[in-house]
Amino acid sequence: MRRHIISILIENEAGALSRVAGLFSARAYNIESLTVAPTEDPTLSRMTIVTVGTERIIEQIIKQLNKLIDVVKLLDLSEGPHIEREMMLIKVKVATMSQRDDVKRLSDIFRGNIIDVTPSTYTIELTGSATKIDSFIEALAEHKILETVRSGVSGIARGDKILHV
Amino acid sequence: MELSGAEILVRCLKDEGVEFLFGYPGGSVLHIYDALYQQDDIKHILVRHEQAATHAADGYARATGKPGVVLVTSGPGATNAVTGIATAYMDSIPMVVITGQVPSAVIGSDAFQEVDAVGITRPCVKHNFLVKDVTKLAETIKKAFYVASTGRPGPVVIDVPKDITDPAIKIPYHYPDKIIMRSYQPTVKGHSGQIKRAVDLLLTAKKPMIYTGGGVVLGNASEELRTLVRHLGYPITTTLMGLGSYPASDEQFIGMLGMHGTYEANMAMHDCDVLIAIGARFDDRVTGKIAEFCPDSQIIHIDIDPSSISKTITVDVPIVGDVATVLQEMNHLLITGKKQPQKKALEAWWAVINGWRAQQCMSFDRNSDKIKPQAVVELVHEITNGDAYVTSDVGQHQMWAAQYYGFDKPNRWINSGGLGTMGFGLPAAMGVQLAFPDDVVICITGEGSIQMCIQELSTCLQYGLPVKIVALNNRYLGMVRQWQEFFYKERYSHSYMESLPDFVKLAESYGHVGIRIDDPKTLRAELERGFAMKDRLVFFDIVTDQTENVYPMIAQGKAHNEMHMSPHSNCELPQSPERELS
Ligand SMILES: Cc1cc2nc3c(=O)[nH]c(=O)nc-3n(C[C@H](O)[C@H](O)[C@H](O)COP(=O)(O)OP(=O)(O)OC[C@H]3O[C@@H](n4cnc5c(N)ncnc54)[C@H](O)[C@@H]3O)c2cc1C
Ligand SMILES: Cc1ncc(C[n+]2csc(CCOP(=O)(O)OP(=O)(O)O)c2C)c(N)n1
Ligand SMILES: [Mg+2]
């Protein structure tokens, strides 16, 4: 079982997302996160899917995704060097001075930004790999987390390799 | 030329070369029906249930190789069509299904007869479209036919909101000759390096096996397959879907494989050392126990759909491409190459296979005072010179039809393999008969299945379709009864059919001929009498032995060499299945 990050260029048609989501549920594939947004070319959307499976299952997932008529191109980023980023907004309870100091310190260590402050809460923006984000949540274990919002993973290959039509 | 959406739709079908449109009207498609009324290029066939429209279009497609076309209304029209769409999807049959939809402005408001047809059909179509703009209609129809009939074929749904077909809005008509889709470009030509590797491997085989499937029929590659098989001299088996792609009467054909395949085909699969799979998808009814599938074999696989390759069984030499194209290249290498098949080894292999053959796994009791279903199929084969189109429903009768008819030509055996849809047989036969009005079209069915689309007897009368219905009436949901006998200690839970209609009177009340046969002595004469009525639909209600089972049988999840054999064969394997499942 290995984690794979799969990038897709898909026709920007109504229902394209439901075809992908439907494929994963119908075939009982794992899906850790899925992000989708338009690209610089308005006819195309880019999707990033994080999934976990054996080599055989990942091979089938890739083949089945390629088989969807709307999928124009696909790249398994995990096959080569790549960069992975996820953004999180997290709201933490900071009722006392020491809590405020501690959360600020942790946020600095993880290179987060405190983007909203109230007398009793800090909202922090943090970008990084999914593991970095997991670690930050772990680091906040002693605090009361009020809310987390994660964007899901976006990824891109390093160097000259591009996913483009 | 300016046309309305409804006129464009009909005109596109004509320009696409569509002969028949199988359909049923309703509110959302009335503009289209009005346009149909004003032309006579396309013949509309009014079925009695939308499921039958899809099966009829499907039967037409399987027999002709051309996409079948369906028109149904929104809501219940679309949902009734779903079973037929899924049936076509599972067997990779090209089909274009046009569903009416409520007007664009009210989509999503739970309008009268609104269902999300695109959403409901999404998991059982190759692709589907919702037309949002009448200026895109013609292009969408072109795309639908292109997607349905190229690559691995399949059904495509076009959902057309009523306002798109508004007769008051006219726009210029243009039907594209060709379409290029950047996101869909099926691979046709196989990788030459892989093809060469495959040829080399094939020629090293001492115990080779050729396993072919529906892809050979779909890819129209029987000719190329015959060249390959004859050149190599290897044994060949086909799946249920591949029957007829290689002549059943040929010496090298060792029968169907799989759950109800022949002893020799399954044993040869188990023992082979090189296997070439051609347009077949390693279905679980074929492989049996995955861990013991062809245990000592290297495997070559030709398929146009990369996702069919190494899905359940990992193969050694994958070749993505169209069967006919790949086989042509392979045949060329074989015929012009210097290396020949391993002659000595092959002779020894054939001796083993012929030993298995001699065990006569297809024997049955020929002296019974009851009508044996196998005997009926054999007789039907004889009376029709093995040259009929045969559709079937699902159950024991389907397996007997597959085992005993002996198809020598492709596109003649028409059945639902992947979905196993009872009710398929009669409407499919209508589609075939319309395509081939002068040929004999038979529907081999059971008293259970035929009742699932029996209303189509009315359609057959309306269009004068002289289908011959051969109902093997065992008063049981026989296939269910067989499993209950074998695996549920004979607890026949709801598999017995009571209160059956009098099928003879039923056929007569629909304006057809009914013949009941219950004596083996009159079987031949009565069949001959019915088949002589060339222009009438004849319903043969044949009272068969209730307790007959389909043999051989590999229980689900068992290996190829664990077959259960008929008590009438000479086979060494266990004759009756161990009782499983407590
Ligand atoms: C009651 C019952 C019992 C059954 N018992 C058996 C049994 O004993 N034995 C048996 O075999 N089946 C049996 N079946 C049928 C079984 O369920 C499957 O439908 C069948 O085995 C699949 O056949 P296939 O592998 O030929 O694939 P198909 O479904 O015909 O698929 C065709 C394959 O060919 C590929 N293809 C299509 N076009 C091309 C082309 N141009 N070039 C290259 N490749 C192409 C496709 O991608 C696909 O992979 C039974 C079904 C029922 C209902
Ligand atoms: C629509 C549908 N429902 C249920 C089944 C399950 N099923 C498979 S075979 C069979 C029995 C068919 O009975 P009949 O048509 O009389 O054929 P027989 O097996 O007796 O020849 C059933 C119920 C099915 N294949 N299709
Ligand atoms: Mg029956």
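The model is a predicted one. Ligand 1 is surrounded by 36 residues, and ligand 2 by 17 residues. Over all chains, the structure holds 20 aromatic pairs. Chain A comprises 165 residues, of which 43% count as buried.

**Site of ligand 1**

- The residues that come closest to ligand 1 are Gly214(B), Thr239(B), His260(B), Arg281(B) and Asp303(B).
- An N or O atom in the side chain of Arg281(B) is 2.7 Å from an oxygen atom of ligand 1, and a polar side-chain atom of Asp303(B) lies 2.6 Å from an oxygen atom of ligand 1.
- The backbone contributes as well: an N or O atom in the backbone of Gly417(B) is placed 3.0 Å from an oxygen atom of ligand 1.
- On its own, ligand 1 has 990 Å² of accessible area, and the protein covers 97% of that area.
- Helix 8 (214-218), helix 11 (284-287) and helix 15 (396-404) of chain B are the elements that each supply two or more residues to the shell around ligand 1. Helix 8 of chain B gives the most, with three residues.
- By residue class, the shell around ligand 1 consists of 13 nonpolar, 16 polar and seven charged residues.

**Site of ligand 2**

- Gln396(B), Gly420(B), Ser449(B), Tyr476(B) and Gly478(B) come nearest to ligand 2.
- One side-chain approach involves Glu447(B), which has a polar side-chain atom 3.2 Å from an oxygen atom of ligand 2.
- Ligand 2 has 590 Å² of accessible area on its own, of which the protein covers 76%.
- The elements that provide two or more residues to the shell around ligand 2 are helix 15 and helix 18 (478-487) of chain B. Helix 18 of chain B accounts for the largest share, three residues.
- The shell around ligand 2 divides into seven nonpolar residues, nine polar residues and one charged residue.

- A pair of aromatic rings is described by the distance of the centres and the angle of the planes.
- Among the 20 aromatic pairs of the whole structure, Phe503(B) and Phe539(B) form a stacked pair, with 5.2 Å from centre to centre and 15 degrees between the planes.
- This pair links distant parts of the chain: Phe503(B) belongs to helix 19 (residues 503-509) and Phe539(B) to strand 20 (residues 538-543) of chain B, and the two are 36 residues apart. Both Phe503(B) and Phe539(B) are buried.
- Phe531(B) and Phe540(B) also form a stacked pair, at 5.4 Å centre to centre and 20 degrees between the planes.
- Phe531(B) counts as buried because its relative accessible area is 7%, under the 20% cut-off. Phe540(B) is likewise buried, with a relative accessible area of 0%.
- Trp483(B), Phe486(B), Phe487(B) and Tyr551(B) make up one aromatic cluster.

**Arginine over aromatic rings**

- Arg412(B) is placed over the face of Tyr389(B), 4.2 Å from the ring centre.
- Arg481(B) lies over the face of Tyr476(B), at 5.4 Å from the ring centre. Tyr476(B) is also one of the residues that come nearest to ligand 2.

**A buried loop serine**

- Ser92(B) is found in the loop between helix 4 (76-90) and strand 5 (95-101) of chain B.
- The relative accessibility of Ser92(B) is 5%, so this residue counts as buried.
- The side chains of Ser92(B) and Arg152(B) are joined by a polar contact of 2.8 Å.

**Architecture of chain A**

- Chain A contains four helices and nine strands. From the N terminus on, these elements follow the order β-α-β-β-α-β-β-α-β-β-α-β-β.
- Taken along the principal axes, the C-alpha atoms of chain A fill a box of roughly 55 × 35 × 35 Å.

Terms used: Residues are numbered from 1 along each chain as its sequence is written. Chains are lettered from A and ligands numbered from 1 in the order in which they are written. This is a predicted model: local features need pLDDT of at least 70, side-chain atom pairs count only at pLDDT 80 or more; totals for chains, interfaces and linings use all residues. Side-chain values use heavy atoms; hydrogens and water are left out. A residue is near a molecule or strand if one of its heavy atoms lies within 4 Å of it. A polar contact is a pair of N or O atoms within 3.5 Å; within protein, one must be able to donate a hydrogen and the other to accept it, and residues adjacent in sequence count only if both atoms are side-chain atoms. Accessible areas come from the Shrake-Rupley method with a 1.4 Å probe; for residues, only the protein chains shown count as cover. Ala, Val, Leu, Ile, Met, Phe, Trp, Tyr, Cys and Pro count as nonpolar, Asp, Glu, Lys and Arg as charged, and the others, Gly among them, as polar. Rings of Phe, Tyr and Trp (its six-membered ring) pair if their centres lie within 6.5 Å; planes under 30 degrees apart count as stacked, over 60 as edge-to-face and the rest as tilted. Buried means under 20% relative accessible area, exposed over 50%, partly exposed in between (1.4 Å probe, protein chains only). A charge sits over a ring if NZ of Lys or CZ of Arg is within 6 Å of the ring centre and within 35 degrees of the ring normal.
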